[in-house]
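These are my notebook entries on a structure that I looked up piece by piece. The sequence and the model come before the entries.

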Amino acid sequence: MTLKHSLVQKIGNAIKEVARNKGSTCWYTPHMAAASRAITERNPLVDILLEVRDAREWLRYFEQKKCLVFGVNSHNKDNIKEVSYALAPYFLVKLILWKDLQLLNFLQARVRELPKIGHGDQTITLMLFGIPNVGKSALANSLHQIGRISASEKGRLKHAIVSPHPGETKNISGLKIASHPSIYVLDTPGVFPAEILDAEVCSNLALTGALKDCLVGEVELAEYFLSIFNLSDEYKKWVKLSLSGADDCSELERRQKRQYLTDHTQDFIVNKVRRVLYEAVSSFNGDLEDEETMSRLIKAEFAVLRDAFNLPPDSDDCVRKVAAKLLNLYRTGRLGHYTLDVAPSNN
């Protein structure tokens with residue numbers, strides 16, 4: 001049994017145990033149940049359903065096969081179209097806005113087709129839905145901003161609440177994203193099904209941040225990420241960082257460059273993390289399919305990451321802090337791109 005498989009079972013079983021608890025504050029919460037009912041009630045009133053997925057996690061419990069980006073499902077019931085739009089959180093902001101503009105243009109094109117199928121309304125409503133923390137509110141804000149600018153409309157922009165933590169959106173809210181015809185987007189709270197039986201799906205949900213870290217533990221999630229990272233080829237892209245050597249700037253030089261050792265998101269820290277991870281994996285000898293061997297490598301990686309993050313070895317809760325910083329860099333795309341689940345087939 002590989003370490004990854006052991007961690008999947010450990011993390012997945014912990015989440016499934018919580019999911020079985022009625023009235024859970026971490027899984028199918030009361031507000032999530034209410035949101036699910038509200039979304040269902042709104043379905044007959046909207047023209048387009050837009051499912052927002054995390055590009056890292058294709059979520060096998062969604063059984064319907066949909067096209068990936070800008071694809072309209074062939075299923076058309078009661079003139080309601082279902083669209084899947086895969087967001088990649090690690091893309092640059094400019095690229096996200098560019099892709100959102102493409103999405104808005106796509107939606108406007110689909111709206112023009114609605115009269116052909118008997119939809120005569122001049123106002124179109126689309127509803128975003130999906131699991132927590134995949135970027136529904138960020139997408140709604142971006143579409144609202146782009147739509148207002150494209151239409152040269154004046155006035156104060158509205159904003160849906162955006163947070164890096166799951167469960168921030170509590171209610172359904174609407175934003176105008178286009179004129180002539182008018183298009184409104186409904187931002188909805190993230191929802192889970194009442195129960196998921198697949199341990200790997202549970203583990204991937206936790207790793208991508210769709211669940212609160214306290215549900216499983218940051219150290220276990222960081223170990224799970226490293227078990228995936230160590231078997232990937234992402235680290236090979238950082239060979240030049242190792243060849244260039246360490247950055248030995250003085251404290252004065254760092255201040256002049258506005259570099260701060262306590263901020264792990266700064267480029268010089270991120271590059272240091274990449275470099276030490278590359279050196280740790282590339283210099284390690286052993287069968288990484290073996291659980292004990294992989295555990296030794298991960299332990300060594302935690303040690304070098306502690307130095308890369310400039311944490312003193314005797315600091316309180318040092319391992320957890322390393323894990324938290326590592327997870328943050330992974331979730332913001334600073335440590336490479338990973339697809340945790342197999343993309344659905346359209347055959």
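**Entry 1: the segment after α11.** I began with G336, which I located in the segment after α11 (318-331). Helices here are DSSP runs of H or I with at least four residues, strands are runs of E with at least two, and both are numbered from the N terminus. I then looked up the cover of G336 and found it buried, with a relative accessible area of 13%. Buried stands for under 20% relative accessible area, exposed for over 50%, and partly exposed for what lies in between (1.4 Å probe, protein chains only). I also compared G336 with Y235: the two are 101 residues apart in sequence, and their C-alpha atoms are 8.2 Å apart in space.

**Entry 2: basis of the values.** I note that the model is predicted, that local features need pLDDT of at least 70 and side-chain atom pairs pLDDT 80 or more, and that totals for chains, interfaces and linings use all residues. Residues are numbered from 1 along each chain as its sequence is written, and side-chain values use heavy atoms, with hydrogens and water left out.

**Entry 3: strand β6 and its partners.** I asked how much of β6 (residues 182-187) is covered, and found five of its six residues buried. Two strands pair if DSSP finds at least two bridges between them. By that rule, β4 (residues 123-129) pairs with β6 in the parallel sense over five bridges, and I recorded L126 as standing opposite V185 in β6. β5 (residues 173-178) also pairs with β6 over five bridges, in the antiparallel sense; there I recorded Y184 of β6 as the bridge partner of K176. Three residues separate β5 and β6 in a hairpin, and H180 in the turn has a positive phi of about 55°.

- I found D233 and K236 joined by their side chains at 3.3 Å, N to O; K236 is partly exposed at 46% relative accessible area.
- R275 bridges to E279, with the closest N and O atoms 3.6 Å apart. Because they are four residues apart in helix α9 (residues 267-282), about one helical turn separates R275 and E279. I noted R275 as buried at 12%, whereas E279 is partly exposed at 28%.
- The side chains of R306 and D307 meet at 3.5 Å, N to O. R306 is partly exposed at 25% relative accessibility, and D307 is partly exposed at 42%.
- I also traced one network, in which salt bridges that share partners join E218, D317 and R320.

**Entry 4: positive phi in loops.** Which residues in the loops have a positive phi without being glycine? One of them is N133, with phi of about 65°. I placed N133 in the loop between β4 and α4 (136-150), where N133 is partly exposed at 25% relative accessible area. I also recorded N310, a residue other than glycine, with a positive phi near 60°. N310 lies in the loop between α10 and α11 and counts as partly exposed at 31% relative accessibility.

Entry 5: Finally, I looked up E289, which lies in the loop between α9 and α10 (291-308). E289 is partly exposed, with a relative accessible area of 46%.

Note on methods
A salt bridge is a side-chain nitrogen of Lys or Arg within 4 Å of a carboxyl oxygen of Asp or Glu.
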